[in-house]
Amino acid sequence: MNAYLLSLLVFSPLLGIVMVALMPKNEERTIKQFGFFGTLPPLFLSFFLCSQYYSGMALSSFSMKVDWIRFGNLEMYDPKLFTVNFELGLDGLSLIFLLLTTIISSLAALASIYIKQGWKGYYLLFLILEIGMLGVFTAENLILFFIFFEMTLIPAFFLIGRWGSLEREKASYHFLIYNGIGSAILLVAILILFARTGTTNIAALTQMMTMGGVSLFAPISGSMKYGLCLAFLIAFAIKLPVFPFHSWMVRVHAEAPPAIVMIHAGVLLKIGAYGIIRFGMGIFPEQYKSLAFVIVLMGVISFLYGALLAMVQTDFKLVLAYSSISHMGIVMMGLGALNEAGLQGAIFQVISHGLIAAMLFFLVGALSERTGTVLLPRLGGLARSMPIFSGFMLACGLASLGLPGMSGFISEFMVFLGLFKSQPLLAAIGVIGLVLTAVYILRAIMQMTFGKNDSLVEKEKRDLKSWEFVPVWVLLGLIISIGVYPNLLGGPLQGTIEAMMLALGGR
């Protein structure tokens, strides 16, 4: 039963897809209920997997492998070569990403109550998107990973282009073009690896590249390994994104519906970090080490660039968009530190930013629903008319700038601890970004909560409804829990981090 549990989890949103598909398209209330309930089976199954892990069960016991595709009659070499199996697996890293995906997906489905039209198509695409995200974090070979990766792009393209704001079509095409370029680079790298090694199994490739395993086919030279590593890094840097591959993401954050931005900022961007860790660092550790300085430099530039631009924005969505670029710079800084503290801090930052960004964009959606605007000059005095909303916004802003006791602090602390050990000069420059982060976060939130009151939108200001407390309390509770007890993440991640450090030759 354990062998098929992951497959059941990945495809469990199909139940919601069937229920939504059978409903008449004008049944708004029922479609929204079925769409939300369709996200609950993977949520419960991910909690079950987590409970099994904490009860002492090895995550490897949930792996599954089924014969799927075989290319030609190549058994004369090795029946295991030039085959692609349907194989899913789990370790501490993928378990954490699975939990992040299922939690944010359920909360985003709840936030989708704000969607005004096309409910049936919206929830069908939403649930297909969730299947793709779950598959990405459990796939055990590169071909299957790529299929699930592409499965996230198409639904996201239509969700942005159909249900977004005024310039939604332009944003959706920017999303598709940039991510399509990244996908093309990724596919070429995968096909070269497959042609040279005869396998796309991640564990087998890791052994061939790092432990002296030899392919029965064409050998892979050092320069080719370097090029393949660079291809993986570029493909996932576009997805993350970092400077200079970031412009598409700003448009998506500004134009996509808030519930989809919860998914996009909370999960989809994190596929970039996951790919860099799993494939760039995991399969090509020696080549990755040689690029560490460039990775850190890109991270520092992104951190400062995003913070500086966030400071001058008057649209709160754009403040959060550039904030995401800045915080993904912190991730790159940790990944380039090449030590345990930096890597652990980078993963913590990925999870922390996913939760914080999801909460911020949920609050943005609630505010936009009430006022019809998120322009800072047109907002003000929310602390008087919406005190509860303002309190949650302030708490989330403090988490984003790294207040001790919240998840943002522990992630940034570990990243800079690791970076000061390996690249002290770049770390010292990066500290400037921490100051800038406090400036743009506090500037925006103080303007909204205590700034000048615009009477044009005063009549639309109402505080949070009862159902809206569910997402904000869940997300804020997780943010505080990780900040107070970081071992919630550190425990499951320990094995993965140790394996990465061993491959990199560090301690």
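**Cavity lining and aromatic pairs**

Student: Which classes of residue make up the lining of the largest cavity?
Tutor: The lining has 6 nonpolar, 8 polar and 1 charged residues. Here Asp, Glu, Lys and Arg count as charged, Ala, Val, Leu, Ile, Met, Phe, Trp, Tyr, Cys and Pro as nonpolar, and the others, Gly among them, as polar. The model is predicted, so local features need pLDDT of at least 70 and side-chain atom pairs 80 or more, while totals for chains, interfaces and linings use all residues. Residues are numbered from 1 along each chain, and side-chain values use heavy atoms, without hydrogens or water.

Student: Which residues lie nearest the centre of that cavity?
Tutor: Ser323, His327, His353, Ile356 and Ser400 do, out of 15 lining residues. A cavity is a set of points on a 1 Å grid over the protein atoms alone where a 1.4 Å probe fits but cannot get out, and lining residues have an atom within 4 Å of a point.

Student: Changing topic, how many aromatic pairs are there?
Tutor: The whole structure holds 30, counting Phe, Tyr and Trp (six-membered ring) with ring centres within 6.5 Å; planes under 30 degrees apart are stacked, over 60 edge-to-face, the rest tilted. Tyrosine 122 and tryptophan 163 form an edge-to-face pair, 5.4 Å centre to centre with 80 degrees between the planes.

Student: Is tyrosine 122 buried or exposed?
Tutor: Tyrosine 122 is buried, at 0% relative accessible area (buried is under 20%, exposed over 50%, partly exposed in between, with a 1.4 Å probe and protein chains only). Tryptophan 163 is also buried, at 13%.

Student: Which residues form an aromatic cluster?
Tutor: One cluster consists of Phe145, Phe149, Phe232, Phe236, Phe279 and Phe284.

Terms used. On a 1 Å grid over the protein atoms alone, a cavity is a set of points where a 1.4 Å probe fits but cannot get out, and a pocket is an open set with protein on both sides within 12 Å along at least five of seven lines; lining residues have an atom within 4 Å of a point.
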